[in-house]
There are 2 protein chains.
Amino acid sequence: MNHKVTSESPIGIFDSGIGGLTVVKAIQAALPSERIIYFGDTARVPYGPKSQITIRKYASDDIAILMRYQPKMIIVACNTVSALALDVVEKACGNIPVIGVLKAGAELAVQATKNNRIGVIGTQATVCSNAYACAINQLNPEIQVVSKACPLFVPLAEEGFIDHAATKLIAREYLSEIRDQGIDTLVLGCTHYPILRKVIEETIGHGIRIIDSAEAVAFRTKKLLTESELLNSNLKSCIPHLLVSDLPQKFSLLYQLFMSSELPDVELVEV
Amino acid sequence: MNHKVTSESPIGIFDSGIGGLTVVKAIQAALPSERIIYFGDTARVPYGPKSQITIRKYASDDIAILMRYQPKMIIVACNTVSALALDVVEKACGNIPVIGVLKAGAELAVQATKNNRIGVIGTQATVCSNAYACAINQLNPEIQVVSKACPLFVPLAEEGFIDHAATKLIAREYLSEIRDQGIDTLVLGCTHYPILRKVIEETIGHGIRIIDSAEAVAFRTKKLLTESELLNSNLKSCIPHLLVSDLPQKFSLLYQLFMSSELPDVELVEV
């Protein structure tokens, strides 16, 4: 079933947890007048180490929650869902457009590479799905893609070990393999990874262009809303409407730290 | 509703994921003839960073799955559930006895300490619940308990970073505080932690007695079954019946590594 949208309708964004806030931040920077409704599935985070069947079921629950708010478009801020369940989301959205972080990141990486060698780091599920390589090779079959799963980056980011010696050691272990493959571009294929961007950048070496999919999504969203004449012309900036499936207080605190904002209201919903 | 049990009925064990296999191993060593039915809620792991309400709901689902197999007793191998939802499990079990890792670990620690200073490490939820301190102080109110959450130990163990320099650095950071409090006993308050026992032992210093709750549970289970005359007299050793809510193949591989066994069959159940 499709609902009617106007330029005042919100942009719906979802992720398995807090990681998608990097996307919220990028959208707010590019489109400060847009209303945002965000859902983080904090009761079932993380999605990365789980199976495709389970991830597809969770994606279907997540999109059902956002559709109640009649959004004008949906952003899948979760790389794992973008890789394994984008069709589930698109089907549930009918004629409401959907942008996934994965395709947006892949596009930007293809534009950026000069030597046609791109590295991708992400969760186990995203890397095993091979979805980044597919999306990149659909745009340019000549490009070689080297991928590496970095399962400890999410817990390290969530523990706040941003600049810790242990994080540097782990980054060196994860990244040395792909660094030695002559890539000139590296996609941060998980929305948590921008939090560790400094360590990743230092470890991989400064000659390599880092692609942050959150920025790529914001760019595509602006383009889509402009073309479909759905940009919100209201000039007041809005606080996002935040929904989670568990621990709203913890999410509120993390949001404050993450977005350098006031302590926001966070609503608890059942999945 | 209660079912009839005999000495041949299985022992039901559950955990949020693979961590509870440390308990299965300890039970097999102490009681090789017992039938074991194990459920790991791998679709919703980890429980540690989630709220009490969510953990109680998950515990109720988990026990419902095990009760289908008419066990003669239940072992809650998950410290988080033992801390926050043992009453939920006990209510669902009726007259079937329930042993939680937490109380078993607390008892053994109280017997072990000579200077009445015990350290406890666990997940965020277990430590915040203060349940170990309560259980210990119920047995002896004189004992001082020092606790510390170690959120990265579970992902480090699952990533196989058993003897990694990063694990040592993180262990030093987590454990230095409680080491300086003059404890003589340290409870591994999470079933994953025995996997990192060597690093933990080296970091905390060799003078401190380490309490592995898996061993404590096996000891209590043997006592309970002996007293209630429900020890299985069958002399053949049994392969555990393994159930998970996601990724049975991955669980099977981890089981093989973890238990140094053949690749077992693992059944997928829906939660």
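**Conventions**
- Residues are numbered from 1 along each chain as its sequence is written, chains are lettered from A and ligands numbered from 1 in the order in which they are written, and side-chain values use heavy atoms, with hydrogens and water left out.
- Because the model is predicted, local features need pLDDT of at least 70 and side-chain atom pairs count only at pLDDT 80 or more, while totals for chains, interfaces and linings use all residues.

**Interface and symmetry**
- Contact (heavy atoms within 4.5 Å) links 27 residues of chain B with 27 residues of chain A.
- Of the interface residues of chain B, 100% are also interface residues in chain A, so the copies meet through the same surface.
- Chain B superposes on chain A by a rotation of 180° with 0.0 Å of shift along the axis, RMSD 0.0 Å (least squares on the C-alpha atoms of residues with pLDDT of at least 70 in both).
- That is the relation of a two-fold axis.
- In chain B, the C-alpha of B:Ala166 is the nearest to the axis, 2.2 Å away.

**Sheet of chain B**
- Helices (H or I, at least four residues) and strands (E, at least two) are DSSP runs, numbered from the N terminus.
- Four strands of chain B form an open sheet in the order 6-5-7-8, with parallel pairing (at least two DSSP bridges between two strands).
- Strand 6 (144-149) and strand 8 (209-212) of chain B are the edges, each with a single partner strand, so one side of each lacks a neighbour in the sheet.
- Strand 7 (residues 185-188) of chain B pairs with strand 8 of chain B over four bridges.
- B:Val187 stands opposite B:Ile211 in strand 8 of chain B.

**Helix 9 and B:Thr167**
- Helix 9 (residues 165-179) of chain B lies across strand 5 (117-122), strand 6 and strand 7 of chain B.
- B:Thr167 sits in helix 9 of chain B.
- B:Thr167 has 1% relative accessibility and so counts as buried (under 20% relative accessible area, 1.4 Å probe, protein chains only).
- Residues touched by B:Thr167 include B:Leu156, B:Phe161 and B:Val199, leaving aside residues up to four places away in sequence.

Conventions: Axes are lines fitted to C-alpha atoms, for helices over the stretch in contact, and angles run from 0 to 180 degrees between N-to-C directions. Buried means under 20% relative accessible area, exposed over 50%, partly exposed in between (1.4 Å probe, protein chains only).
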